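Subject: Handing over the model

Hi,

Here is the structure I promised to pass on. Have a look at it first, and then read my notes below.

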Amino acid sequence: MFIIILITLRASGKRGIKQLSIFELVLIIGLGSAAGDPMFYEDVGLLSAITVFLVIILLYIGITKLTDKFTWLERLLEGKATYLLRDGEIILDAFKNSSLSRDDFFAELRLLNVEHLGQVQTVLIETSGEFSVLYFSEEKVRPGLTIFPHMLESQLTDNSTVACYNCGRLCSVPAGEQSCVICECDTWVIPMETKRQS
Ligand SMILES: [Zn+2]
């Protein structure tokens with residue numbers, strides 16, 4: 001059974017399982033449950049499991065071919081990539097109907113050596129759950145909201161450029177005077193301007 005699972009997964013054409021889309025997860029669960037019975041019960045033969053495996057893998061390959069051809073089917077089965085950030089500002093709508101929180105998003109960026117939002121131009125979350133990040137080149141880095149918690153507590157000075165704590169929008173109003181026009185948050189923090197360290 002172990003060897004059959006190996007052969008089947010190789011035949012599926014996937015090179016690894018770093019991140020699975022929902023569709024691929026269904027494939028793995030399907031294979032797993034079919035593999036379980038012959039391993040547990042003496043009276044379940046290998047042949048029935050192999051038949052199930054063949055059917056599942058043929059379905060997988062067939063549907064993959066179809067999703068390559070029809071974008072609407074791919075969206076239906078796997079969802080679509082979503083913008084989380086553009087030009088240093090967080091797209092708040094992307095978080096509303098998602099299990100992803102702003103803190104998860106910041107944690108993911110920190111792992112990619114990002115210090116503040118002014119270092120990144122665009123962030124997309126792919127259907128596999130992975131992040132695609134487009135960085136600003138060194139000379140184009142601008143002030144941006146820090147994503148390190150301890151830096152958010154820095155004290156504001158009057159009339160400095162400030163970043164909205166919630167969405168990252170930059171603004172030159174003194175702290176506490178008005179709320180953000182995009183998200184109505186009224187907490188402002190000092191943006192950072194450091195270049196990205198690789
Ligand atoms: Zn805001």
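The largest nonpolar core has 19 residues, and Leu 84, Phe 105, Leu 117 and Val 123 are the ones that touch the most other members. By nonpolar core I mean a set of buried Ala, Val, Leu, Ile, Met, Phe, Trp, Tyr and Cys residues joined through side-chain atoms within 4.5 Å. Buried is under 20% relative accessible area, exposed is over 50%, and partly exposed is in between, using a 1.4 Å probe and protein chains only. Strand S1 (82-86), helix H5 (93-96), helix H6 (102-111) and strand S3 (120-125) each give two or more residues to this core. Those labels come from DSSP runs, numbered from the N terminus: helices are H or I with at least four residues, strands are E with at least two.

Before I go on, some housekeeping. This is a predicted model, so local features need pLDDT of at least 70 and side-chain atom pairs count only at pLDDT 80 or more, while totals for chains, interfaces and linings use all residues. Residues are numbered from 1 along each chain as its sequence is written, and side-chain values use heavy atoms, with hydrogens and water left out.

Which residues does Phe 105 contact, leaving aside its neighbours within four places in sequence? They are Leu 84, Leu 85, Ile 90, Phe 95, Leu 100, Val 123 and Phe 131, where contact means heavy atoms within 4.5 Å. Another core lies apart from the largest one; it has twelve residues, including Met 1, Phe 23, Ile 57 and Tyr 60. As background, nonpolar side chains tend to be buried together in soluble globular proteins.

Thr 122 is also worth a click. This residue sits in strand S3 and counts as buried, at 15% relative accessibility. Setting aside residues up to four places away in sequence, Thr 122 touches Tyr 83, Leu 85, Ser 132, Val 133 and Leu 134.

Next, the zinc ion. Cys 164, Cys 167, Cys 180 and Cys 183 coordinate the zinc ion, each through SG, at 2.2 to 2.3 Å. Donors here are N, O and S atoms within 2.8 Å of the metal (3.2 Å for Na, K and Ca), and since water is not among the atoms, sites may look incomplete. Why is the arrangement of the four donor atoms tetrahedral? Because they subtend angles of 99 to 117° around the zinc ion, and four donors count as tetrahedral if all angles lie between 85 and 135 degrees. Along the chain the donors follow the spacing C-x2-C-x12-C-x2-C. Cys 164 lies in strand S5 (residues 162-164) and Cys 183 in the loop between strand S6 (170-171) and strand S7 (188-189), so this pair ties together parts that are 19 residues apart in sequence. Both Cys 164 and Cys 183 are buried.

Not counting residues up to four places away in sequence, Gly 88 touches Leu 117, Val 120, Gln 121, Arg 142, Cys 167 and Gly 168.

Then there's the largest pocket, with a volume of about 380 Å³. Its lining has 19 residues, of which Lys 80, Thr 82, Ser 98, Ile 125 and Glu 126 lie nearest its centre. Helix H4 (71-78), S1 and H5 each give two or more residues to that lining. A pocket is an open set of points on a 1 Å grid over the protein atoms alone, where a 1.4 Å probe fits, with protein on both sides within 12 Å along at least five of seven lines; lining residues have an atom within 4 Å of a point. The volume is the space filled by probe spheres set on the points, which are joined across faces, edges and corners.

Lys 80 is in the loop between H4 and S1 and is exposed, with a relative accessible area of 54%. Lys 80 and Glu 126 are 7.0 Å apart, C-alpha to C-alpha, and 46 residues apart in sequence.

Cheers

Definitions and conventions. Tetrahedral: all angles 85-135°; square planar, octahedral: opposite > 155°, others 65-115°.
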